[in-house]
Amino acid sequence: MEYTIREAKPEDMEQVLSLIQELANFEKEPDAVEISKEDLVTHGFGTKKMFHCFVADTQDGIAGIALVYPRYSTWKGPAIHLEDLIVSEKMRGSGLGTALLDEVVKYGDSLGVKRICWEVLDWNEPAIEFYEKKGANVLRDWDVVQLDEKGIKNYIESLN
């Protein structure tokens with residue numbers, strides 16, 4: 001199937017959200033997605049743009065996305081974070097993931113970033129293998145640390 005990699009538009013966000021939900025289901029977190037199509041439009045295309053998104057457009061609609069946002073490394077300088085690279089299950093193995101990652105790397109290079117970083121689940125061996133074949137370093141000795149919304153509120157309350 002033919003596809004085109006392009007920058008996302010606000011009208012793509014319903015299909016983007018559908019792919020995000022597909023990923024959540026794949027990662028065994030079907031109830032974790034809290035954002036709406038409207039959130040994606042506001043945060044990706046509003047006055048305070050928080051992310052940049054590429055889509056893989058096919059004759060059947062959006063079949064993949066790569067969503068990135070700026071970061072800063074205190075050791076290296078400007079960076080971008082690849083929040084998600086999602087390819088619909090029916091399109092896996094078609095080269096679409098490579099095409100999306102290629103676009104992310106070209107985008108990062110155009111911005112002059114010193115690093116592109118992302119996470120991968122330790123049980124997602126096909127993704128790990130894919131990234132390593134592309135030359136990425138999978139840092140297995142690092143753990144991801146997060147404060148979720150409840151954790152943030154609890155932390156703030158503990159300051160009082």
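Over residues 3-160 the chain is 37% helix and 25% strand, with the end C-alpha atoms 54 Å apart; helices (H or I, at least four residues) and strands (E, at least two) are DSSP runs numbered from the N terminus. In an unreviewed UniProt entry, this stretch, residues 3-160, carries the feature "domain: N-acetyltransferase", and such annotations may be inferred rather than shown by experiment. The model is predicted, so that local features need pLDDT of at least 70 and side-chain atom pairs count only at pLDDT 80 or more, whereas totals for chains, interfaces and linings use all residues. Residues are numbered from 1 along each chain as its sequence is written, and side-chain values use heavy atoms, with hydrogens and water left out.

A search of the whole structure finds 4 aromatic pairs, where rings of Phe, Tyr and Trp (its six-membered ring) pair if their centres lie within 6.5 Å, and planes under 30 degrees apart count as stacked, over 60 as edge-to-face and the rest as tilted. One of these is the edge-to-face pair of F54 and Y107, at 5.5 Å centre to centre and 75° between the planes. This pair links distant parts of the chain, since F54 lies in strand β2 (residues 52-58) and Y107 in helix α3, 53 residues apart. F54 is buried, with a relative accessible area of 3% (buried means under 20%, exposed over 50% and partly exposed in between, with a 1.4 Å probe and protein chains only). The rings of W118 and Y131 are likewise edge-to-face, their centres being 5.1 Å apart and their planes at 65°; W118 belongs to the loop between β5 and α4 (125-133), and Y131 to helix α4. W118 is partly exposed at 22%, whereas Y131 is buried at 8%. Ring pairs also link W118, F130 and Y131 into a cluster.

The structure holds 0 disulfides, a disulfide being a pair of cysteine sulfur atoms within 2.5 Å. The sulfur of C53 is 17 Å from the closest cysteine sulfur, in C117, which is too far for a bond. Both cysteines are buried, C53 at 5% relative accessible area and C117 at 16%.
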